[in-house]
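These notes are for a colleague who is opening this entry for the first time.

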Amino acid sequence: MANPTSRETAPRETVLVTGGAGYIGSHVVLALRDAGRAVVVVDDLSTGRRAAVPDGVPLVVGSAGDAELVAATIAAHGVGTVMHFAGSIVVPESVEKPLDYYRNNTVNSLALVGACVASGVERFIFSSTAAVYGMPDAMPIDEEAPTRPINPYGRSKLMTEWMLRDTAAAHGLRYVALRYFNVAGADPAGRSGQSSRLATHLLKIAAQAATGQRAEIQVYGDDYPTPDGTCVRDYIHVSDLAAAHVAALVHLEAGGDSQTLNCGYGRGYSVREVLDMVETVLGRPLPVRTAGRRAGDPPALVAGTERIGRTLDWTPRHADLETIVRTALAWEEKLVVAVP
Ligand SMILES: NC(=O)c1ccc[n+]([C@@H]2O[C@H](COP(=O)([O-])OP(=O)(O)OC[C@H]3O[C@@H](n4cnc5c(N)ncnc54)[C@H](O)[C@@H]3O)[C@@H](O)[C@H]2O)c1
Ligand SMILES: O=c1ccn([C@@H]2O[C@H](COP(=O)(O)OP(=O)(O)O[C@H]3O[C@H](CO)[C@H](O)[C@H](O)[C@H]3O)[C@@H](O)[C@H]2O)c(=O)[nH]1
């Protein structure tokens, strides 16, 4: 029998979660813990919060691009899988500071993947984005659609997908790149949620307005070629997205091949429909104003979900807009009380 204290022979079952103190990463840490998995987080706390990492989960404060730190963490914790959430995520900021985005999203991912290869990590799960598609020609978007990102954020993520594909071909690493559509909502048990005050996402803005932290909500454009003129997005509940990561882990552990998968529900809601639902759940109107279009917004983004459906053992459990809105509002109310 293997000596459990030996690093050479100990089973490498721990999952290293980079960016585990952030919005999505913290929900994945909860899902992994709920599934009985051992987890270690590496996060530089640039946008994440220490409090988002549950008690009992080791947090290594540092950069996911620090190859020495990552290698030491892999060795110390017996890491066999890396889930990579750490990154910079604000699209307009990526236009103003492209090199910051290439550094944090691409260069740091290169160092991380290199450390994984050098340390013999066999499984890698990557947070990619619908932004890799740019302005798609057809809807819903399947994974074979052309990747033509229209901003540095999308390009910085697409380059990491390419790096993973080439690394998988050359080394023993297998990966799942998950292309998230619009992630929203919060843990239904109230353990985590979107905590960044600077978030730019529609539902976060609406939740801030609902709790009196924001004077109004601007609708960016009502003259798009969509049924009500406002942009359509495929909103996926963050806890369903977290469950998709656990399913991707199971897929790779069972010897499954490398995959690139959309994460959405395959149906879209307009900005107006989202705001109507927020008002319905609140039982009162919100100050909503129509403003001009925001640069770079595609009229509609809806995920093709056939591939994730046949590849992963994943059943969405929170796939209705009302649940997404209710959990987002409940989290915001909790946040306002905790950090007024
Ligand atoms: N939120 C969305 O709608 C969305 C959509 C598509 C893809 N994504 C991707 O999902 C991932 C997580 O996004 P999020 O919404 O949870 O953002 P977030 O800002 O809440 O989380 C990012 C986390 O990474 C940490 N971090 C950033 N750079 C780091 C570094 N170099 N080393 C270590 N830690 C670092 C931050 O402190 C934070 O805890 C990102 O890679 C993002 O590109 C998010
Ligand atoms: O105050 C706001 C905020 C947003 N919107 C609109 O609401 C929709 C959703 O906007 P978000 O900012 O919530 O999300 P995006 O669709 O712009 O971005 C999402 O998809 C991108 C890919 O295209 C990236 O992956 C990004 O991280 C992810 O949040 C867009 O039509 C936007 O114009 C408003 O009308 N008012």
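1. A residue counts as near a molecule if its C-beta atom, placed from the backbone, lies within 6 Å of it. The model discussed here is predicted. Around ligand 1 there are 29 residues, and those that come nearest are Gly19, Gly22, Gly48, Ala86 and Gly87.

2. Which elements give two or more residues to this shell? They are helix H1 (23-34), strand S2 (39-43), helix H4 (98-119), strand S5 (123-129) and strand S7 (182-184). Helix H1 gives the most, with 3 residues. By class, the shell around ligand 1 has 16 polar, 11 nonpolar and 2 charged residues.

3. The domain assignment of the chain gives domain 1 as 14-184 + 236-263 and domain 2 as 202-233 + 266-338. Their C-alpha centres lie 24 Å apart. Domain 1 puts 27 residues into the contact and domain 2 puts in 25 residues.

4. On the side of domain 1 that touches domain 2, two or more residues come from each of S7, helix H7 (238-253) and strand S11 (259-263). H7 gives the most to this side, with 8 residues. The residues of this side divide into 17 nonpolar, 7 polar and 3 charged.

5. Helix H8 (residues 271-282) and helix H10 (residues 321-338) have axes that come within 10 Å and cross at roughly 65°. The crossing is right-handed. H8 makes the contact through Val274, Met277, Val278 and Val281, and H10 through Leu321, Glu322, Val325, Arg326 and Leu329. Of these residues, 7 are nonpolar and 2 charged, with no polar ones.

Terms used. Residues are numbered from 1 along each chain as its sequence is written. Chains are lettered from A and ligands numbered from 1 in the order in which they are written. This is a predicted model: local features need pLDDT of at least 70, side-chain atom pairs count only at pLDDT 80 or more; totals for chains, interfaces and linings use all residues. Axes are lines fitted to C-alpha atoms, for helices over the stretch in contact, and angles run from 0 to 180 degrees between N-to-C directions. Helices (H or I, at least four residues) and strands (E, at least two) are DSSP runs, numbered from the N terminus. A crossing is left-handed if the near helix is turned anticlockwise from the far one by less than a right angle, and right-handed if clockwise. Two residues are in contact if their C-beta atoms, placed from the backbone, lie within 7 Å. Ala, Val, Leu, Ile, Met, Phe, Trp, Tyr, Cys and Pro count as nonpolar, Asp, Glu, Lys and Arg as charged, and the others, Gly among them, as polar. Domain bounds come from an automatic or database domain assignment.
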